[in-house]
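Work through the exercises below with the sequence and the model open beside you. Try each task before you read its solution.

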Amino acid sequence: MVAYDVFLADCPARTTLGLISDTWSVVVIVALGRGPARYTELRGTVGGISNKMLTQTLRRLGDNGLVERRALRTAPPGTEYSLTDLGRSLLVPVSALARWAEDNTAELLDAREALP
């Protein structure tokens, strides 16, 4: 078994950490944790994300085995995205991070305002 160490500059685990700690990745993973969603549903759920950024985020998460894409046989044709088993394994820590941000943002803003 290979041991990874995020403190080493060339460790692949550092790249993994960068992938899953990106703001859009966190938000998309939490959104897909609610269940499969079409592209337009995700765009509506994730406020402020551009089409380009959503596409790039879904592609990056898909390329790394966290999200799967399924073509829908509808008229017009659609696409549905869902978390893989690996992606679902991220829900607990990523949801905790998102919840922490929601719970502590007021204190962080107060700290910034208190700066001289």
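**Exercise 1: A residue and its exposure**

Val 92 is exposed, because its relative accessible area is 66% and exposed means over 50%, buried under 20% and partly exposed in between, with a 1.4 Å probe and protein chains only. The model is a predicted one, in which local features need pLDDT of at least 70 and side-chain atom pairs count only at pLDDT 80 or more, while totals for chains, interfaces and linings use all residues. Residues are numbered from 1 along each chain as its sequence is written, and side-chain values use heavy atoms, with hydrogens and water left out.

Task: In which helix does Val 92 lie, and how far apart in space are Val 92 and Asp 10?

Solution. Begin with the place of Val 92, which is in helix 6; here helices (H or I, at least four residues) and strands (E, at least two) are DSSP runs, numbered from the N terminus. Then turn to the distance: Val 92 and Asp 10 are separated by 82 residues in sequence, and their C-alpha atoms are 27 Å apart in space.

**Exercise 2: The chain as a whole**

Task: How many helices and strands does the protein chain have, and in what pattern do they follow one another?

Solution. Counting the elements gives 6 helices and 3 strands. Reading along the sequence then gives the pattern α-α-β-α-α-β-β-α-α. As a next step, consider the extent of the C-alpha trace, which spans about 60 × 40 × 25 Å along its principal axes. Of the 116 residues in the protein chain, 28% are buried. The chain exposes about 8200 Å², of which carbon and sulfur atoms supply 57%; accessible areas come from the Shrake-Rupley method with a 1.4 Å probe, and for residues only the protein chains shown count as cover.

**Exercise 3: Salt bridges**

Task: How many salt bridges does a search of the whole structure find, and which parts of the chain does the pair of Arg 60 and Asp 22 tie together?

Solution. A salt bridge is a side-chain nitrogen of Lys or Arg within 4 Å of a carboxyl oxygen of Asp or Glu, and the search finds 3 of them.

1. The side chains of Arg 60 and Asp 22 form a salt bridge with an N to O distance of 3.3 Å. Arg 60 belongs to helix 4 (residues 51–63) and Asp 22 to the loop between helix 1 (12–21) and helix 2, so this pair ties together parts that are 38 residues apart in sequence. Arg 60 counts as partly exposed at 29% relative accessibility, and Asp 22 counts as partly exposed at 26%.
2. Arg 70 forms a salt bridge with Glu 80, and their closest N and O atoms are 2.7 Å apart. This pair links distant parts of the chain, since Arg 70 is in strand 2 (residues 67–72) and Glu 80 is in strand 3 (residues 78–83), 10 residues apart.
3. Asp 85 and Arg 88 meet through their side chains in a salt bridge of 2.3 Å, N to O. Both residues lie in helix 5 (residues 85–88), where they are 3 residues apart, about one turn of the helix. Asp 85 counts as exposed at 61% relative accessibility, whereas Arg 88, at 43%, is partly exposed.

**Exercise 4: The segment before helix 1**

Task: Where does Ala 3 lie, and how far apart are the C-alpha atoms of Ala 3 and Gly 33?

Solution. Ala 3 lies in the segment before helix 1 and counts as exposed at 75% relative accessibility. The C-alpha atoms of Ala 3 and Gly 33 are separated by 29 Å, while the two residues are 30 residues apart along the chain.
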